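Then let us walk through it together, one part at a time.

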Amino acid sequence: MATMGNPRDYLILTNNPLVHRCMEGQGLYTIRLEEDKSFREILVEARDMVYAGHTLYTHPLAGSVKPNETPYKSLIVSMVPHGFDAQYGELMANALAVFDKFKPIVRELPDRVLRDFQLIDYTLLAGAIGFDAEAGLRRVQEAEGR
Amino acid sequence: MKLELGYIQIKDIQFSKECKVENGTLYVDPDAVKAFMYEDDDVKAWVKDFSFDIAKPGESVRITPVKDVIEPRVKVEGPGGVFPGVINKVETVGSGKTHVLRGMAVVTAGKIVGFQEGIIDMSGPGADYTPFSKLNNLVVVAEPAEGYQDHKHEYEHAVRIAGLRAATYIGEIGRNVTPDETAEFETLGIKEGIEKYPNLPRVAYVHMLQSQGLLHDTYVYGVDAKRSLTTIINPTETMDGAIISGNCVSACDKNTTYHHQNNPVVANLFAAHGKTLNYVCNIITNENVYLADKQRSSDWTSKLCRLLDLDGALVSQEGFGNPDTDLIMNCKKIELQGVKTVIITDEYAGQDGKSQSLADADPLADAVVTGGNANEVIILPKMDKVIGTLDYVDVIAGGHAGSLRPDGTIEAELQVITGATNEMGFNRLSAR
């Protein structure tokens, strides 16, 4: 629907390099890319910020790809705290409880699969804030000479 | 609005140079279907080739990865055409007469992303978990054009359109066939309904549509549901393909286009309409990722329930995690308007079934119908024939490394099976 808050207040927490490649410098938001963090660690970081009063802008469990399958997670919290909201706190706590109930899967994912998991995570985030995901991909492909 | 469905029972499908229905057998020319699919420029641009196959109930056949399942239909009287805003022009459907090729489906399959899922087994234990094992399936396997890896949005769109075009072409074959059976469905205007059924409770169906992004979308008259506010639709419009699926992840609880055409909530509400309740309308709402959208859409849903003076609402969701929040928000806000709700969902309760089933909950959600536990583990035997590819079985949702065993059997969660835990209740799993 793209009726948004103030994008200047968006802090995108992500471990997905595709989000950074496609969206960095394309809007007023800030991207914090932490590639060494796991899906769960991104959730924990967001939860702690929400507990400290940051607003949660996107749902922590976006997408039907299950949290034990994809390694990637992107979500948006506010740049600065606006006061604790129990509803957001509950969403984050529930998201971690959901993550922990899935049986961990140990496997080596081929690059093509990792790229597709990145793509889905990126399009869910882009769709949430009305960012043109296809245009972002085209820009990156052109820049990389593909 | 009144619609008559004429059911033409299809008991067999045969490839032929001639397209016709004779004595319950559909004869279809795959080259003609292919030519009709390729009349679309996007299909031309992104699909290198299609191969066709037929899968019948009881055969040792596995179809995977499944993208969509579609029932061929054709409008024979009344305004508009099937799949309005996508295949036919945008014109309100849901009245007049429509012919249905019942007992069969078009199944689209083929790779789009590397973790795709969706298994339909035509026999064995897996067949019991999918309603599509009971149909004669015309399977269309799409092969992407070169360079599709960098254009997955376009390719997904092309395969979606191709499947709808195939179903439209086949539906047309039934235009001049006399149906084996007919049924009428009618909902009334608000005042008319109150006057006709003054003592029956007014009930609507709140139909939540998956609307999160690539491979997670639903279209209403061609409009991406995430870009719409909550609105009202006549249930008969959905029988003419007003809602189509652009969703191809979470095989067990995705609503295929077939589910939208044959929505069991709609069917059951019609069966009770005028007897135990007054079926008012469907309210369609979305499941967006942005939290303010959820707030707005669920506010709107509850406002409409109040405006329509409902006594009760059935709410169904599609998907896992994020939609659980919309489901609970809808339920809670509708209940607070004084309207009783029943929610329909499935469960991710862990492999042992002991974990909390949904990602969200509320004490007002005290009437729940479940479609089963998607985490339940199942072993699928080897099949003699695979339509599509087994390349993804180790990485699909519910699968794991080693899911595909050396002997050809598959160990995975129910998640992998198309329609296994459908959240409209279009299957047989539940709990009491």
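This is a predicted model: local features need pLDDT of at least 70, side-chain atom pairs count only at pLDDT 80 or more; totals for chains, interfaces and linings use all residues.

Let us begin with chain A, where 4 strands make an open sheet. Reading across this sheet, the order is β2-β1-β4-β3, and the pairing is mixed. Two strands sit at the edges and pair on one side only: β2 (30-33) and β3 (54-56) of chain A. On average, and ignoring direction, neighbouring strands of the sheet are turned by 30° against each other.

You can follow one pairing in detail.

**The overall form of chain B**

Now turn to chain B, whose secondary structure comes to 9 helices and 25 strands. The table gathers some values for the whole chain.

| Property of chain B | Value |
|---|---|
| Box filled by the C-alpha atoms, along the principal axes | roughly 55 × 50 × 40 Å |
| Residues that count as buried | 59% of 432 residues |
| Share of contacts with a separation of 6 or more made by residues 24 or more positions apart | 79% |

Why does a radius of gyration of 21 Å agree with a compact globule for chain B? A compact globule with 432 residues would have a radius near 22 Å, so the 21 Å of chain B agrees with that.

**Inside chain B**

The largest nonpolar core has 161 residues. Those with the most contacts inside this core are V107(B), A162(B), A204(B) and A313(B). Helix α3 of chain B, residues 152-173, gives the most to the core, with 11 residues.

Leaving aside neighbours within four places in sequence, V107(B) is in contact with I63(B), V66(B), V69(B), I120(B), F132(B), N137(B) and V139(B).

**Where the chains meet**

How many residues of each chain are in contact with the other? On one side there are 38 residues of chain A, and on the other 36 residues of chain B. Three elements of chain A give two or more residues to the side that touches chain B: α3 (86-101), α4 (111-128) and α5 (133-143). The element that gives the most is α4(A), with 10 residues. Sorted by kind, the residues on this side of chain A are 20 nonpolar, 9 polar and 9 charged.

Terms used:
Residues are numbered from 1 along each chain as its sequence is written. Chains are lettered from A and ligands numbered from 1 in the order in which they are written. Two strands pair if DSSP finds at least two bridges between them. Axes are lines fitted to C-alpha atoms, for helices over the stretch in contact, and angles run from 0 to 180 degrees between N-to-C directions. The radius of gyration is taken over C-alpha atoms; the globule rule is 2.2 Å times the number of residues to the power 0.38. A residue is buried if 20 or more other C-beta atoms lie within 10 Å of its own, exposed if 12 or fewer, and partly exposed in between; C-beta atoms are placed from the backbone. Two residues are in contact if their C-beta atoms, placed from the backbone, lie within 7 Å. Ala, Val, Leu, Ile, Met, Phe, Trp, Tyr, Cys and Pro count as nonpolar, Asp, Glu, Lys and Arg as charged, and the others, Gly among them, as polar. A nonpolar core is a set of buried Ala, Val, Leu, Ile, Met, Phe, Trp, Tyr and Cys residues joined through C-beta atoms within 7 Å.
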